[in-house]
Structures are given as structure tokens and as C-alpha cells.
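Trainee: I am new to this one. Could we go through it together?
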Amino acid sequence: MYCYVSYFSGFIYPRLLFAQNLVRNNSFETINYCDSLNAGITIGNAPPWDSPSNGTSDLYNVCSVIYNYGVPQNFVGYQYPHSGNGYVGLVWYSNYREYLQIKLDSVLNPQETYCVSFYVNRSVKCNYA
């Protein structure tokens, strides 16, 4: 059985400049297409996000009419997005891992303190947390 963790949205911003978000498409609102069995980030469906590995992260959105990738109901459970219309599912189980990456909007300064925050939800199909 796979353990799914859903990533809702992420933010990286300098601590002193609270409103400056360095992550584009942080709520996975911009997608190339909605209804595909291969609508994961691995094929660039939510630019500029991509996957640095062979993992097949899944993109869930309210626009999907395919049961497996809809919101709030899909094949890993029932969950509304924290914000926006979508979220991503990642597997971190046993020897199999899925990752996401994105280029930040600006270079990080080693003299600055940054705050990183994101929302995580354990799938109802996951036996471990």
C-alpha cells in the first residue's frame, strides 16, 4: 500500500519582508491541462514545478472530471485544497519517493533569515504518518 502525502501550497519568503513570496504557482492554479491520467508534475503540467526524479507525483484539481484526480474526492481520499483549486500528491513510502522542485523567483541571500511554510495532509489510504 502506498502512503500519500498531499502538498497543498508552499511559501518561501524573507522573514523581514513577510509578503514577498518566492514560489510561483504555489497553489498549483496554473496547469496545462486538467483531465489526463498522466496529469502529474513529472511531465510539467503545473509550470514551473517539475520532478527531479522518476517519481510520478499526482496533480489534483477541481476541474478534473476523472474520479482519480478530482477535488475534493479522489482515489487517495477526500480533501479540499488549502487555497485555490488544486494540490499535489506525493508518495514517501518504503524505497519509493516522489519529489517536487521549483526555481525561486530570486536568489537567496546567505545573510537573510527565511521562513518556509507549506501544508501537508496525510491520505486516508496511508497507514503511517
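Trainee: Is Arg24 buried, partly exposed or exposed, and what is its relative accessibility?
Mentor: Please keep in mind that this is a predicted model. Arg24 has a relative accessibility of 39%, so it counts as partly exposed, between the limits of 20% and 50%.

Trainee: Which residue does Arg24 form a salt bridge with?
Mentor: Its partner is Asp105, and the closest N and O atoms of the pair are 2.6 Å apart. Side chains of opposite charge can pair when their charged atoms come close.

Trainee: How many salt bridges does the count come to?
Mentor: The count comes to 1 salt bridge.

Trainee: Changing topic, how many helices and strands does the protein have?
Mentor: There are 0 helices and 7 strands. Along the sequence the pattern reads β-β-β-β-β-β-β.

Trainee: What share of the contacts joins residues at least 24 apart?
Mentor: Among contacts between residues at least 6 apart in sequence, the share is 62%.

Trainee: What about burial and surface?
Mentor: The protein has 129 residues, of which 40% count as buried. The protein exposes about 7600 Å², with carbon and sulfur atoms supplying 54% of that area.

Technical notes. Residues numbered from 1 in each chain as written. Predicted model: local features only at pLDDT ≥ 70, side-chain atom pairs only at ≥ 80, totals over all residues. Heavy atoms only, no water. Salt bridge = Lys/Arg side-chain N within 4 Å of Asp/Glu carboxyl O. Buried < 20%, exposed > 50% of the residue type's maximum accessible area, 1.4 Å probe, protein only. Helix = DSSP H or I, 4+ residues; strand = E, 2+ residues; numbered from the N terminus. Contact = heavy atoms within 4.5 Å. Areas by Shrake-Rupley, 256 points an atom, 1.4 Å probe, with all protein chains shown as cover.
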